[in-house]
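The following note comments on the helix packing, the sheets and the charged pairs of the model shown here. Please read the points alongside the coordinates.

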Amino acid sequence: MPVEFDADPKIQAYAHPERLVTTEWLEARLGTPGLVVAESDEDVLLYNTGHIPGAVKIDWHTDLNDPLTRDYVDAEAFAALMSAKGITPDTTIVFYGDQSNWWAAYALWVTSLFGHADVRLLDGGRKKWIDEGRPVTTEVAVPAATQYPVTPRNDSVIRAYREQVLAHIGNGPLIDVRSPGEYSGELLHMPEYPQEGALRGGHIPTASSVPWRRAANEADGTFLPFDQLKAIYQDEIGLTPDDDVVAYCRIGERSSHTWFALTHLLGFTNVRNYDGSWVEWGNTVRVPIEKP
Amino acid sequence: MRDALHEIVEEFADTPKEFRLMLLLEFANGLPPLPQHLIDDPDAMEPVEECTAPIFLAVDVVPGEPVRIYFDAPQDAPTSRGFAAVLHAGLDGGTPEEILSTPNDFYLSMDLDDLVTPLRMRGLTGMLARVKRHVAAGMSA
């Protein structure tokens, strides 16, 4: 039995209003049976400095990525993670995090690879919650363990591999969500981050530049309302909801944010996240690169 | 390596993995506040561009006196702040020679690589490189 959806009018205007919740909604429902709040941050220590009461921590690096291969964890490890966090297949998971929810969107996307049904994002993430003075605690949640079934990961629907992206050039829209400097090849990483990680700069040929940030309000990190998102991705960029879209960034976290906006807020039916992203493409021998 | 830093490295290595991040958080919480002269003159501090968070440092090198190191690191970037605090606790008050003797890869012995991404570890090496550069410049000045 899923936890009721957020009736907020802005959220109800989205294609899938069941995927986003407001801070008001969440505060009123903390502790509801069947609801697990999960914090996923870039900074691995941030959860421990204070988090939403009862929230568990899911770390993008140590929990969701395989320690050996550059890939996500396998079905057994994912089931063990969910079990340890007190999650069952019927649980409503609300993700939130730092950096405008990049890593929360990433965790939600990885969780979706394993077919978990009811995943939602907290609009505005950690920063909005804290800025509004809502409750936080340093008490680490210790949920009662569950027996989450081992469910195979299905990469075929919302994840794109390098070979598929190569074949996609000229056959469907590619969206580069990195900053303009990374797209043009001047920067190999976000502005003000260390310029490491790729041997070549530029973008995948034919990709349109639509920085992830455009989907969010500058002030509080919440998503733009439906009409404004539609104006950007459909009217300005020319995408249509049934297009076969591939989004990428540097390692797949910012493009998870855009994947979420396109898939769950605008209702696009065929969007894949290329998580290999620029760290793979910009280091790969003999793949084509475009520089303006 | 300076004894104070060596002891910190050993402390991390001897701490069970599940508590190692909490130890880093304890360091982050213990980073001393900036002295008034740097609060009044933020331009005297240098941004550490290798960090993913806005970290600033200043190093005072006066011949014949212990080297003083200052870090400004936001509370909401506890990992970077923790690294700054490790360097501060390990190197502040040392001699120029002690600081320059710090191996650039000293952090490998802290056994944090399973817990912290390589990108963040590079923030730590960036901070150390900048501290050493100030000290070397101060010695030759």
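1. In chain A, H4(A) passes H9(A) in a left-handed crossing; a crossing is left-handed if the near helix is turned anticlockwise from the far one by less than a right angle, and right-handed if clockwise. On the H4(A) side the contact is made by A:Trp102, A:Ala105, A:Tyr106, A:Leu108, A:Trp109 and A:Ser112, and on the H9(A) side by A:Arg254, A:Ser256, A:His257, A:Trp259, A:Phe260 and A:His264 (contact means heavy atoms within 4.5 Å). By class, these residues comprise seven nonpolar, four polar and one charged. Here Ala, Val, Leu, Ile, Met, Phe, Trp, Tyr, Cys and Pro count as nonpolar, Asp, Glu, Lys and Arg as charged, and the others, Gly among them, as polar.

2. As to conventions, this is a predicted model in which local features need pLDDT of at least 70 and side-chain atom pairs count only at pLDDT 80 or more, while totals for chains, interfaces and linings use all residues. Residues are numbered from 1 along each chain as its sequence is written, chains are lettered from A and ligands numbered from 1 in the order in which they are written, and side-chain values use heavy atoms, with hydrogens and water left out.

3. The axes of helix H4 (residues 102–113) and helix H9 (residues 254–265) of chain A come within 7 Å and cross at roughly 65 degrees. H4(A) is therefore roughly perpendicular to H9(A). Axes are lines fitted to C-alpha atoms, for helices over the stretch in contact, and angles run from 0 to 180 degrees between N-to-C directions. Angles under 35 degrees count as roughly parallel, over 145 as roughly antiparallel, 65 to 115 as roughly perpendicular and the rest as oblique. Helices (H or I, at least four residues) and strands (E, at least two) are DSSP runs, numbered from the N terminus.

4. Chain A also holds an open sheet of five strands, with parallel pairing and the order E1-E5-E4-E2-E3. Strand E1 (20–21) and strand E3 (56–57) of chain A are at the edges with a single partner strand each, so one side of each has no neighbour in the sheet. E1(A) runs parallel to strand E5 (residues 119–122) of chain A, and two bridges join them; two strands pair if DSSP finds at least two bridges between them. A:Val21 has A:Leu122 in E5(A) as its bridge partner.

5. Which side chains of helix H5 (residues 125–131) of chain A lie four residues apart, about one turn of the helix? They are A:Asp131 and A:Lys127, whose side chains meet in a salt bridge (2.8 Å, N to O). A salt bridge is a side-chain nitrogen of Lys or Arg within 4 Å of a carboxyl oxygen of Asp or Glu. Over all chains, the search finds 24 salt bridges.

6. In chain B, an open sheet of three strands has antiparallel pairing and the order E1-E2-E3. Strand E2 (residues 56–60) of chain B pairs with E3(B) over five bridges, and B:Leu57 stands opposite B:Phe71 in E3(B). Helix H6 (residues 118–140) of chain B lies across E1, E2 and E3 of that chain, at about 30 degrees to E2(B).

7. H4(B) packs with H6(B) at an angle of about 35 degrees, their axes being 10 Å apart. Their crossing is right-handed. The residues of this contact divide into eight nonpolar, two polar and one charged.

8. Helix H1 (residues 3–14) and helix H4 (residues 78–91) of chain B have axes that come within 7 Å and cross at roughly 135 degrees. H1(B) and H4(B) are therefore oblique to each other, in a right-handed crossing. Residues B:Ala4, B:Leu5, B:Ile8 and B:Phe12 of H1(B) meet B:Val86, B:Ala89, B:Gly90 and B:Leu91 of H4(B).
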